[in-house]
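Please keep the sequence and the structure at hand while reading.

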Amino acid sequence: RDNPNEHLIRSRLCTELVVFHIFTQPAAAVMTQLPIMYESAKLTGDMESATLARWNCCAFVFWSGAESLLNVSKHLSMCIKEALKHKQTTMLYCAMAYLNTCLYLSGETDAESDTKSFDELNEIGKSTKANLLLWQCHICKICEYFFMRDYLAVISLCEANPCPRPKRILHGWRTFFEGVACLSLARDTKQSKWRCTGEKAVWEMSRWAEMSPWNFESRYRLLQAELYYLDGDMASAEEAYNASVLSAQKHNYVNDEAIACELYGIHLVERKSTEKGVSQLLSALGKYKEWGATKKAKELQLFIETIHVAGHNSTYGKRP
């Protein structure tokens, strides 16, 4: 680590190394590598790569659920200050996109950072042709819609920004978000177009899970469960839901575990297995609170209370 050439190579290949580590190592191991890249870039005086490394670290912590959203927000605020100091505008605005989503899901505000809205960030991205910024705004906004179960908004954004071929790690998350949204709408509307997109998402996620089971298996198994549910294969659906929860637990993805428990719980409630479903929803509630997604947790709490009042006829996030 004291070899200057190693520091130089590590700083110049920051993004490539992040992708390599994600595909070859569990999230916990990746977390140990990101600060090393940041320090290497600083030691070589390459502040562009250092800011990129710091932002990569913030983004990975967010998607992996390795820390609470409150802590991620603090990391992002520091990243914003460093980007401002060193005039790294792309990373500055990308960090703002993530901070917007952290604050939205947590229900918090940030008085320190003069964060721009998604509309402002998109305008900046378009005017400067900053494709990385536009992509980060896109995936962060989809993330917000997904967690609040606005599935039509998820699909609308995906259709407006087609992704013909997965090229980035975050395409795995987009595939997951779009797949769950489409399979849910396929159940509600019986429209074949949603099924086709959902089936494609299951196939694509299977490839991601094959390459990196540590970081994608839980989402793949959850998509499988949703497809089995759509097909009426309840035994296979329950097996896949349970497998998704266990995989998220095994690989320490608290946000993935929350999603898996939530969708499993909704599946059970809709099938009139109310007591077992509420148990899963309460597990999801606990995990969302652990992650710091307070706004999401409040919404889920209201749904659970509605179940107790109205029984299994309650609906959650249904869209016409």
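Is Cys196 buried, partly exposed or exposed? With a relative accessible area of 49%, Cys196 is partly exposed. The model is a predicted one.

## Cysteines

The disulfide count for this model comes to zero. For Cys196, the closest cysteine sulfur belongs to Cys182, and at 9.9 Å it is too far for a bond, since a disulfide needs the two sulfur atoms within 2.5 Å.

Cys261 counts as buried because its relative accessibility is 2%. Cys137, Cys140 and Cys143 are among the buried residues of helix α8.

## The nonpolar core

The largest nonpolar core has 103 residues. Helix α6 (residues 89–106) supplies the largest share of this core, twelve residues. Phe62, Trp63, Tyr98, Phe176, Phe177 and Tyr288 are the residues with the most contacts inside the core.

Helix α8 covers residues 131–147, and its 17 residues should span 24 Å at 1.5 Å a residue. The end C-alpha atoms are 25 Å apart, which agrees. Twelve of the 17 residues are buried, so α8 is largely enclosed by the rest of the structure. Just after the helix, Arg149 takes a positive phi of about 60°.

Helix α11 (residues 192–211) has 20 residues. From first C-alpha to last it reaches 29 Å, close to the 28 Å expected at 1.5 Å a residue. Its buried residues are Trp194, Gly198, Ala201, Val202, Glu204, Met205, Ser206, Trp208 and Ala209.

## Aromatic pairs

The whole structure contains 19 aromatic pairs. In one of them, Phe146 and Phe176 are tilted, with 5.6 Å centre to centre and 55° between the planes. Phe146 lies in helix α8 and Phe176 in helix α10 (residues 170–189), so this pair ties together parts that are 30 residues apart in sequence. Both Phe146 and Phe176 are buried.

Phe176 also pairs with Trp173, here edge-to-face, at 6.1 Å centre to centre and 85° between the planes. These two residues are separated by about one helical turn, because they are three residues apart in helix α10. Trp173 is buried, as is Phe176. Ring pairs link Trp173 and Phe176 into a cluster with Trp55, Phe62, Trp63, Tyr98, Phe146, Phe147, Tyr151, Phe177, Tyr288 and Trp291.

## Charges over rings

Which ring does the charged end of Arg219 sit over? The ring is that of Trp173, and the charged end lies 3.9 Å from its centre. In another case, the charged end of Lys141 sits over the ring of Tyr145, 5.4 Å from the centre.

## A buried serine

Ser218 lies in helix α12 (residues 213–231). Its relative accessibility is 6%, so Ser218 counts as buried. Leaving aside neighbours within four places in sequence, Ser218 is in contact with Ser244, Ser247, Ala248 and Asp256.

How values were computed: Residues numbered from 1 in each chain as written. Predicted model: local features only at pLDDT ≥ 70, side-chain atom pairs only at ≥ 80, totals over all residues. Heavy atoms only, no water. Core = buried A, V, L, I, M, F, W, Y, C linked by side-chain atoms within 4.5 Å. Buried < 20%, exposed > 50% of the residue type's maximum accessible area, 1.4 Å probe, protein only. Helix = DSSP H or I, 4+ residues; strand = E, 2+ residues; numbered from the N terminus. Contact = heavy atoms within 4.5 Å. Expected span 1.5 Å × (residues − 1). Phe/Tyr/Trp six-rings, centres within 6.5 Å; stacked < 30°, edge-to-face > 60°. Lys NZ or Arg CZ within 6 Å of the ring centre and 35° of its normal.
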